[in-house]
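My entries follow the order in which I looked.

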Amino acid sequence: MTSPTQTHAPELRAAARQLVHGRRRFLTVAGAAATLAFATNLPQAHAAPAGDLDARRITEDPFTLGVASGDPAPGSVLLWTRLAPRPYESDSGLPRQRVRVEWEVAGDERFRRVVRRGSVVAHPEFHHSVHAEVTGLGEGRVFYYRFRTGKWISPVGRTRTAPGRGARTAALRMGVVSCQAYHDGYFTAYRHLAGEDVDVVFHLGDYLYEYAVNAVGGERKYTDRRLPAHFNRETVTLEDYRLRYALYKTDPDLRAAHAAHPFVVTWDDHETENNYAGDTPENDVPPEEFLLRRAAAYRAYWENQPLRAPQQPTGPDMRLYRRLRFGRLAQFDILDTRQYRSDQAYGDGWQTPGPESEDPRRTMTGAAQERWLIDGWRNPGGPRPVWNVVPQQVTFAERRNRSTPDFKLSMDSWDGYPASRERVLAGVESAGVENLLVLTGDVHVSYGLDIKKDFRDPASRTLGTEIVTTSIASGKDGADKPADWERLTGANPHMKHYNGRRGYALVSLTEKQARADFRTVAAVTTPGAPVTTVASLVTEAGNPGLKPV
């Protein structure tokens, strides 16, 4: 891949060089991030305050990007929108002034029973995004919400709060999605997901792709529109990333899914750059250039996702890993396997494992996140949940590419970080986790995998299960049996399912079992394909191991 041609201003690169130097000398993150604050358009204490815009002067619909909700908690949820009357313009059609936005939450879709209302300010520094943290709601209940500014009222969204920490919850149903390359096809799967009866949707990364999108939308092959030329380049700057989110969020199927269900999001690589690892970029660019790019990508991600205040980034750093509880039934430990990882061994790709990949010092999560994960299993801060669910990005179970001794493994997945995986699984055992369920995206196919204590021994103890969801669009139409289907299923006896179509997974939890239904569409390069269930698997509580329904 060639390096993108867009560059950051010289003064920003100079500041970033100071940040790189500071990191190498182990200076504080706070001090380092301060040198990049202006690069991400943060408000400055010495800057003149932005004026207030009279919302009555907004003459075009500002809710073109729809609405969303996220990170449900007991009696609380985060509501999101972004004002963008002209979403494909760099300023979204608004002046650099503050805009007051009102919000309402009701117990019914027609808003006859409004239970909470308030207002927030949409700041130009945050691209007029709105993050309203609503509290004081009933626990484990469905609510409807909307925004208003001036004469404009947003579409209505539907959301749900989490049950109380000690509540006994009979069942929880989740949608699991990942990898939505706009240029590879339509988001038809989202239209079907919007109509599913789920409590929450987990997005496991690659919400957008940095690659160029041509005037006809790539494989979408538009005949009724022409996309602006600024989409036909790789994203590098803050403006690039902001505009790319606008392109994605104007997709009607994605907007429908966000309006229908609360989302819990985490990123993978393409929200910034393909296969980056920590501070190491894919391309050979100066470190300060990549940290500026990462800061821009992280800022745009937060602006365009339903995330709470603790996730707001500081320069090129963002605390995305976090924990959610759904009563006594499930604890969710959402991981970030991209920001803190060691660089991929042997130059990335599929490689023969060896001393470099097996170095015990290598980490997928970073030491702090690894401790946080295992400590959270040992001390859940209340009743021990039935299910410990880990939504994360890349394939956790071993995945050999062939059954012969010269097999290779993916260096970008947990196979490239076996010592890190072993420490996590040792934590599972030491904490007494009985029902581990890992949720994964990234690979544009769906898998059902048993997590073995020793993948070299098929008879070894099964410590948990992994559900890998396929992509929404990435990889184009795909096939039910990809070319390597025989090789992979033969080389990995713990692989209980493999399908290469686009779609999503539905995962249902009860106190007795977890069930995964793999839902696929036949095509994404043409719109409107129907959805079907290609496989259903269950694992019993207290007896891990996937079996067909």
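**Ground rules.** I am reading a predicted model, in which local features need pLDDT of at least 70, side-chain atom pairs count only at pLDDT 80 or more, and totals for chains, interfaces and linings use all residues. Residues are numbered from 1 along each chain as its sequence is written, and side-chain values use heavy atoms, with hydrogens and water left out.

**Entry 1, helix H4.** The expected span is 1.5 Å times one less than the number of residues. Eleven of the twelve residues are buried, so H4 is largely enclosed by the rest of the structure. For burial I used relative accessible area: buried is under 20%, exposed is over 50%, and partly exposed is in between (1.4 Å probe, protein chains only). The buried residues of H4 include Asp240, Arg242, Arg244 and Lys249. I then asked what the buried residues of H4 pack against. They pack against strand S2 (76–82), helix H5 (252–260) and helix H6 (287–303).

How do the axes of H7 (residues 367–378) and H8 (residues 418–430) cross, and within what distance do they come? They come within 9 Å and cross at roughly 15°. Axes are lines fitted to C-alpha atoms, for helices over the stretch in contact, and angles run from 0 to 180 degrees between N-to-C directions. H7 and H8 are therefore roughly parallel (angles under 35 degrees). I noted the residues in contact, meaning heavy atoms within 4.5 Å. On H7 they are Glu370, Leu373, Ile374, Trp377 and Arg378. On H8 they are Ser420, Arg423, Val424, Gly427, Val428 and Ser430.

The 13 residues of H8 should span 18 Å at 1.5 Å a residue, and its end C-alpha atoms are 18 Å apart, which agrees. Among its buried residues are Pro418, Ala419, Val424 and Leu425. What covers the buried residues includes H7, strand S17 (436–440), strand S18 (446–452) and S19. After H8 comes Gly432, with a positive phi near 75°.

I found Thr465 in strand S19 (residues 462–468). Thr465 is buried, at a relative accessible area of 1%. Leaving aside neighbours within four places in sequence, its contacts include Leu436, Val438, Leu449, Ile451, Thr539 and Leu546.

Tyr321 sits in the loop between H6 and strand S12 (322–326). At 8% relative accessibility, Tyr321 counts as buried. Its C-alpha is 7.9 Å from that of Thr266, 55 residues apart along the chain. Not counting residues up to four places away, Tyr321 touches residues including Ile334, Tyr340, Ala368 and Trp372.

Asp206, a residue other than glycine, has a positive phi near 60°. Asp206 lies in the loop between strand S10 (200–203) and H4, and is buried at 2% relative accessibility. His444, also a residue other than glycine, has a positive phi near 65°. His444 is in the loop between S17 and S18. Is His444 buried or partly exposed? At 23% relative accessibility, His444 counts as partly exposed.

How values were computed:
Helix = DSSP H or I, 4+ residues; strand = E, 2+ residues; numbered from the N terminus. Parallel < 35°, antiparallel > 145°, perpendicular 65-115°, else oblique.
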